[in-house]
Amino acid sequence: TFQRWSQLAPDSAQAHYHYANSLVGISKIDQARKELALAIQLNPGYVRARVGEIKLLVKAGELENARTALANLKSDFGDRFEVLGIEGWFALGTGDNTTAEDSLTAALEMKPGREVMILLSMALRAQKKNDEAVSLLQKWLNEHPRDVAVMLKLADTYLAQNNDVQARATYANVLELYPDQLEALNNLAWLSQDKDLQQALDYARRAYELLPTHPLVLDTYGMLLLKNGEISRGTEMLQNAAERSPNDPTIQLHLGQTLIQQEKFAEAKGVLSALIETSPDTSSANEAKVLLESIPRR
């Protein structure tokens, strides 16, 4: 539909912008960049297109070009809401969390909105300001109590505080409103395993029935099945998860641990060695090194 619009109205910057945006959604990035460039050429003052240009440059890994485009946008339009929002988004993505906090706070004061508020909570968390992030998210939920995206972000923030009790309660609140919310089911399953293993298995089963190919769902369900003594089925789940997500260090670590417990040492060595090679700077890689040392030498 957007393609037809851009053809019927070739001089409409808005039409080309929306067509570009839809192309990004189906991963036709090069074509999207051409359409976006055309939108900006037609109307350099179209801020949404200028913001989209910055996001596409970041997506393409052209950070310096994105930084230049952002500086030009700020020079042209000053501290408008859209400019502050993309400035905060860019700063957060590049690790400049102080700038992200300042820009996103200013944007939120100018125009309250969920997207900016969630980004601000992430900037606060990145600076270990977890209490401030919680307060920000809770304030939003007081006014929008059914906002599942914010509820999930609040649960994540509780996890960052190691507050499993509040995280479980928040995920449970999500399920009361949305019983088939996959992330809540999967995370609640993991957090409930020491409190009530059978309840945890029920959550994991429901998540599995919703999306039996999701690596994280398979990993959680597999680990819980192992804990329940269902060794064969649990191992099969973990192997499936590892095949579907070969670069996830946590999933690979879980499989390696399970293979060692079953004394399948050669397979475990292969899994753990690959983990160390592909994700060398992770805590999972450090644990993998310890596990490799624990394997009996024959």
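Helices (H or I, at least four residues) and strands (E, at least two) are DSSP runs, numbered from the N terminus. The structure described here is a predicted model, in which local features need pLDDT of at least 70 and side-chain atom pairs count only at pLDDT 80 or more, while totals for chains, interfaces and linings use all residues. Residues are numbered from 1 along each chain as its sequence is written, and side-chain values use heavy atoms, with hydrogens and water left out.

The protein chain contains 18 helices and zero strands. Its C-alpha trace spans about 70 × 45 × 40 Å along the principal axes. Of the 298 residues in the protein chain, 45% are buried, where buried means under 20% relative accessible area, exposed over 50%, and partly exposed in between (1.4 Å probe, protein chains only). Contact means heavy atoms within 4.5 Å. Among contacts between residues at least 6 apart in sequence, 42% join residues at least 24 apart.

Two helix pairs were examined. Helix 12 and helix 13 pack at an angle of about 145°, and their axes are 8 Å apart; axes are lines fitted to C-alpha atoms, for helices over the stretch in contact, and angles run from 0 to 180 degrees between N-to-C directions. The crossing of helix 12 and helix 13 is left-handed, a term used if the near helix is turned anticlockwise from the far one by less than a right angle, with right-handed used if clockwise. From helix 12, Leu182, Leu185, Asn186, Leu188 and Ala189 meet Ala200, Tyr203, Ala204, Arg206, Ala207 and Leu210 of helix 13. The residues of this contact comprise nine nonpolar, one polar and one charged. In this classification Ala, Val, Leu, Ile, Met, Phe, Trp, Tyr, Cys and Pro count as nonpolar, Asp, Glu, Lys and Arg as charged, and the others, Gly among them, as polar.

Tyr203 lies in helix 13, which covers residues 197-210. Tyr203 counts as buried because its relative accessibility is 14%. Residues up to four places away in sequence aside, Tyr203 touches Leu175, Leu185, Leu188, Ala189 and Ser192. The C-alpha atoms of Tyr203 and Asp180, which are 23 residues apart along the chain, are separated by 10.0 Å.

Helix 17 (residues 265-278) and helix 18 (residues 283-294) pack at an angle of about 145°, with a distance of 9 Å between their axes. The crossing of helix 17 and helix 18 is left-handed. Lys269, Leu272, Ser273, Leu275 and Ile276 in helix 17 face Ser284, Ala285, Ala288, Lys289, Leu291 and Leu292 in helix 18 across the contact. By class, the contact of helix 17 with helix 18 holds seven nonpolar, two polar and two charged residues.

Pockets were identified on a 1 Å grid over the protein atoms alone: a cavity is a set of points where a 1.4 Å probe fits but cannot get out, a pocket is an open set with protein on both sides within 12 Å along at least five of seven lines, and lining residues have an atom within 4 Å of a point. Grid points are joined across faces, edges and corners, and a volume is the space filled by probe spheres set on the points. The largest pocket has a volume of about 400 Å³. It is lined by 14 residues, of which Asn186, Asn187, Trp190, Leu216 and Thr220 are the closest to its centre. Helix 12 (182-191), helix 14 (215-227) and helix 16 (249-261) each supply at least two residues of this lining, and helix 12 gives the most, with six. The lining of the largest pocket has six nonpolar, six polar and two charged residues.

The second largest pocket holds about 310 Å³ of space. Among the 14 residues that line the second largest pocket, Val51, Lys55, Glu82, Ile86 and Glu115 are the closest to its centre. Helix 4 (47-59), helix 6 (81-93) and helix 8 (114-126) each supply at least two residues of its lining, which divides into eight nonpolar, two polar and four charged residues.

Lys59 is found in helix 4 and counts as exposed, at 54% relative accessibility. Beyond its neighbours within four places in sequence, Lys59 is in contact with Val24 and Ile29.

Lys128, although not a glycine, has a positive phi of about 65°. Lys128 is placed in the loop between helix 8 and helix 9 (130-143) and is exposed, at 70% relative accessibility.
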